[in-house]
Amino acid sequence: MAVAPSEFPPPFDPADVIVAPTDPADERIEVGVAIVGGGPAGLACANKLMQLLEDEPELTEKLGEVPVAVIEKGKVAGAHLLSGANMKPSAMEELFPDLDKSEWPVFQEVTKDAVYLLTSKAALPLKPMPPNFRNHGNYVTSVSKLGRFLADKAEEAGVYILAETAATNLLVEDRVVKGVRSGDRGRGKDGEELANFEPGSDVVAKATVLAEGTVGHLTYAAYDYFDLHGADPMRWELGVKEVWEVPKPLDRVIHTMGWPMRKGPKYNEFGGSFIYPMGEDKLCIGLVAGLDYTDATFSVHDALQLLKTHPFIKDLLEGGKRVAWGAKTIPSGGYFSMPKRLAVPGMLIAGDAASMVNVPTLKGVHYAMHAGMYAAETIVETLKKDAESVNFEAYDEKVHNSPIEKDLYESRNMRQPFSKGFFLGGAFASAMTITKGNFPGGHWKQEDDAENEMELGSAGETYPQADNELTFNKLDSVFLSGNATRDDAPNHVRIQTRVPREVAQTWVSMCPAQVYEIPDDQLENGASEVDVHVTASNCVQCGAITAKGGRLTLPEGGDGPLYQET
Amino acid sequence: MAGILVYALHDDEGNFNKNSLGAISEAAKLAGEIGGEAAALVVGDVADDACAALGNYGAAKVYRAKSVPEGLAQPIVDAMAKVIQDNGISYALFGGGLLGFEIGAGLTARLGAGVTMEVTEVKVQDGKLVAERPILQDSQIADVGYVGEPGIIIGRLNAFDANETGGSAAVEDVEVELSPWSTKATMVQRGEQRGADVNIEDADILVGGGRGLGAAEGFKLAEELAESMGGAVAATRAVVDAGWYPYAAQIGQTGKTVAPKLYLAAGISGAIQHKVGMQNSENILAINKDPNAPIFEFSDLGVVGDLHKIVPKLTEAIKAKKGG
Amino acid sequence: MKICVLVKEVPDAAVQKRIDPGTMRLDRSGEKNLNPFDTHALEAAMQIKEGGAIPVEEVVAVTMGPDSAVRALHKAVALGADRSVHLSDEALAGSDVCATGYALAKVLESESPDLVLLGQQSDDGECYTIGAVVADHLQMPSLTQVIKIDVTDGKLRCERQAEYGYDTVEVALPAVISVGDAINEPRYPSLKAIMGAKKKPLDAKATGDVGIDAGQVGAEGSKTAVLALNPPPQKEAGEIIEDEDTNETVEKIVAWLDERKLI
């Protein structure tokens, strides 16, 4: 039997996210610009704003006591950030032109890279290297470290970073965005108020920037409310990443394709791995897979564990020790999934949440930062002329005329052909790269990942048992991510809890943090429908469930992982 | 010079605490190596023969401060500081327990002395004592030496074993002038037992129940087993989550941390979130039907089998052994 | 009444702690946070203030630590402290329990508190006793592991669990009380409080400002020294029994328990 998770939509109404301010006027927290998300986009925006405001004393005064506030749901900025990453330097150069590269929170400049096609036994170097993988001149970076760096810089410049704060509602009045509402803290499992219950607050601002990252809680509700959906639905890939201390330094940036992904079109397994050096004594390794796969037993975490057993990879990790683990989704819809407009009255959207990621070249960090900076410029230019204006449409223009849109347009159809399998997909993608997107041109329509029908296949049988030296199970990994969320917190995961086995199994295998489980007594009872048990406190907020038929909403501020160098 | 002074805690009936007895034995052993004698300090009006009996554990001498009340730390700091200074004693040693911590800490300030706590072993190096203590959640052992004298060593619970060697100690009474602040705290009620809620952190024996118990009713098996051994029942996060057992019994990363003499894990997989809460138990016995359960990697005795068959029989067997 | 709450910045619980083999000291370069036990002490201070049994003019958060420790002070202030004091000095680095207790007592002396509250242990030092060290220097009564505090007639009535059960102890002020985590459920700071924290007064003090004799603090002034670090003794691989004949299995278990004097 084949079932699509999209047939079991989550008990969640995005309209609930949009509310009017409710706090009495004198209890609302007033800030000049409210930025939701302490990631590259949000923090680049915050830093740029302060830089611009240095020359605008009048406007600064109008923005009040707190000109710029960044609302971040993690314990600190960087706690929830995870990516490869080979960052293009253009954004950092623009934001901090006087900062020497030796002070950048990066590991090294890429001087050597290679792409390998893996079979189960061999690693065949692909030469010439597919051009989209060429990273010379880019910098191996941990976005988690980048987040901390940008947050420190922002605080030095006078930005208020409100960490451990979830922005759970978008405040809208008369179709104008007024700010956000922070989440309650101190609720119990059933939503009841505990002894130390602290209600959230309305944070009102002249401009609100949504920079929420890959699964934008407010952003996607806003897409519905303001009718911003792009031509194609949002799509995602899931990446699971580990950091290893290794005795043998890695001298090149490596990408792999092929094994363990299966090539046949029916599996729809698109993805590959990345292995990047992190200085002399560490490296990171991750596996990224599109969430449109069709085998319900496919697990990115376990496929990564399997990948590590490949002789070529094992050799790179020889004598090493795993020191970090994490998981996060990447928006993969590209150009056609970007929203119709990036600004509505009172609000601007920047970064991953607006699908500004170029999956074929694996770039998103610098686009996010550039977008954040464009947002900052637009806000200052607009409010300078009229401090009460809510029209930030100039932001759309800036992005439209920028490399963000140009690059994404070029690769707009590159992801789609892989639904035809690895070889045909590869052929199409190459053709597109060479012709800069002009062949075959047009718009290759994409589908919602959750609409793919899932079948109970055999991927699960190939995964290794954890040996705790090279391979590890999910629970040990969640522990390593620093996740210590309290057990009596309300469940923030929205799914239907009685579904066909294929759907349940999809979630069980998909989730890298073992949030979903089928009760022991229903595992082998042959029933077509099963219950799904949710252990929300394991969740590392990767966002995969939103891609595959459920919905991730926000847990209490401060919950979730504490990534340090992912 | 040299010599080791041990604080001998006792209850209101004059029964000495076993950790204190262990510390006396330890002191006797060490004094034998570095020279000097092992002495004990007793506060309160404890009978001559009870004091002298501490010699059975190795104390050569017992200093008794009759007028100093037992149960609060600061008056005892006054007593020990005096005895240490009057007699040029080199080390103060405490068996595990709250009062030992408080007294040792007060002495640190009073005498400007180095202190090490949670000590699991003491060794002799170049005629001096070096204390070994676990650090960073027991991931490493630090060897700590002392600068100057005296040095204060506070043992971890159950670190030192009491050894009866036969012998009797000389009892010497000492007069202690209490510091003004030592009289500012008064004991209103000492040692109140609070019946039903057994504090699992203090239990010597714990039976931990996990998902393998099958249902909330499965905890009856755990309770009966615990009772047969005079222990208490603990639980994993998963079963507390499912409502099978109260949160007060939860052990692990987001629950309590315990280190009993025996942790019997029934139907527990041993995921790291649970492991970090009980991995320092002296003895770990695991029963689980899954031979690949992680718990078997760190248990001292692992039994692969159906706990529903094993546990009831085990309970019977233990009752029989104890009864017979 | 003035309440001082001693707080400490410690490595976050989620961080794998490690000792720097070069200095034999805790590697504090990773993520840091306010010591969780101190949030209970702050909450206890706020409850005494809000309880009204005795008027509290101010709650002051006090810490000894490097520059980054100001974050712990901001958090303490967001949780209700009126202002904070930061004792920071190169000379203090590497202080052991003896030296730290002395230094903290000196900075507290400069504040003349009526009540000093602190969490009974810190996640990094695992010492459980700094309160008692400080109290002796300050010449105040002290109690640790306190899980209940009532203020009546200008005195504190405290409950704490000791070797033989629960003790109820009456303590006269001024006093030093270390609280356990069972004492209360700490509040969450409101956004307003978090944002206002940086504006509250923060006094930075060096050893000279509070009369600390540099010879008694730091690695040089400490009375203990870490001589070596070793991995814990390797646990022998455990025995595994496969249950076939349950009676036999149970016999083996009982024998094993007996051998170890567990029953």
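**View 1. Helices α1 and α8 of chain A pack against each other.** In this predicted model, helix α1 (residues 40–53) and helix α8 (residues 365–385) of chain A meet at about 35°, and their axes are 7 Å apart. Axes are lines fitted to C-alpha atoms, for helices over the stretch in contact, and angles run from 0 to 180 degrees between N-to-C directions. Helices (H or I, at least four residues) and strands (E, at least two) are DSSP runs, numbered from the N terminus. The crossing of α1(A) past α8(A) is right-handed. A crossing is right-handed if the near helix is turned clockwise from the far one by less than a right angle, and left-handed if anticlockwise. From α1(A), the contact residues include A:Pro40, A:Ala44, A:Leu49 and A:Leu53. From α8(A), they include A:Val365, A:Met369, A:Gly372 and A:Val380. Contact requires C-beta atoms, placed from the backbone, within 7 Å. By class, this contact has 16 nonpolar, 2 polar and 2 charged residues. Ala, Val, Leu, Ile, Met, Phe, Trp, Tyr, Cys and Pro count as nonpolar, Asp, Glu, Lys and Arg as charged, and the others, Gly among them, as polar.

Residues are numbered from 1 along each chain as its sequence is written, while chains are lettered from A and ligands numbered from 1 in the order in which they are written. Because the model is predicted, local features need pLDDT of at least 70 and side-chain atom pairs count only at pLDDT 80 or more, whereas totals for chains, interfaces and linings use all residues.

**View 2. An open sheet of 7 strands lies in chain B.** The strand order is β5-β9-β4-β1-β2-β3-β10, with parallel pairing. Two strands pair if DSSP finds at least two bridges between them. Neighbouring strands are turned by 25° against each other on average, direction ignored. Helix α4 of chain B packs on this sheet and touches β1, β4 (91–94), β5 and β9 (151–155). The direction of α4(B) makes about 165° with that of β9(B). Within the sheet, β1(B) (residues 4–7) and β2(B) (residues 38–43) pair in parallel over 4 bridges. B:Val6 has B:Ala40 in β2(B) as its bridge partner.

**View 3. Chain B is divided into two domains.** Domain 1 covers 4–183 and domain 2 covers 205–323. These bounds come from an automatic or database domain assignment. The C-alpha centres of the two domains lie 36 Å apart.

**View 4. Strand β16 of chain B pairs with strand β15 of chain C.** B:Gly302 stands opposite C:Ile240. B:Val304 stands opposite C:Glu242. Within chain B, β15(B) (residues 283–288) and β16(B) also pair in the parallel sense, over 4 bridges. There, B:Asn288 has B:Val304 as its bridge partner.

**View 5. Helix α8 of chain B packs on helix α7 of chain C.** α8(B) (residues 307–323) and α7(C) (residues 246–259) pack at about 50°, with axes 9 Å apart. That angle makes α8(B) oblique to α7(C). Angles under 35 degrees count as roughly parallel, over 145 as roughly antiparallel, 65 to 115 as roughly perpendicular and the rest as oblique. The crossing is right-handed. Among the residues that meet are B:Ile310, B:Leu314 and B:Lys321 from α8(B), and C:Thr246, C:Val250 and C:Ile253 from α7(C). The contact divides into 7 nonpolar, 3 polar and 3 charged residues.

**View 6. Strand β10 of chain C pairs with β9(C) and with β11(C).** β9(C) (residues 142–152) and β10(C) (residues 155–162) are antiparallel over 6 bridges. C:Ile149 has C:Cys158 as its bridge partner. In their hairpin, with 2 residues between the strands, C:Asp153 takes a positive phi near 50°. β10(C) and β11(C) (residues 165–172) are antiparallel over 8 bridges. C:Cys158 has C:Val169 in β11(C) as its bridge partner. A hairpin of 2 residues joins β10(C) to β11(C).

Technical notes: Two residues are in contact if their C-beta atoms, placed from the backbone, lie within 7 Å.
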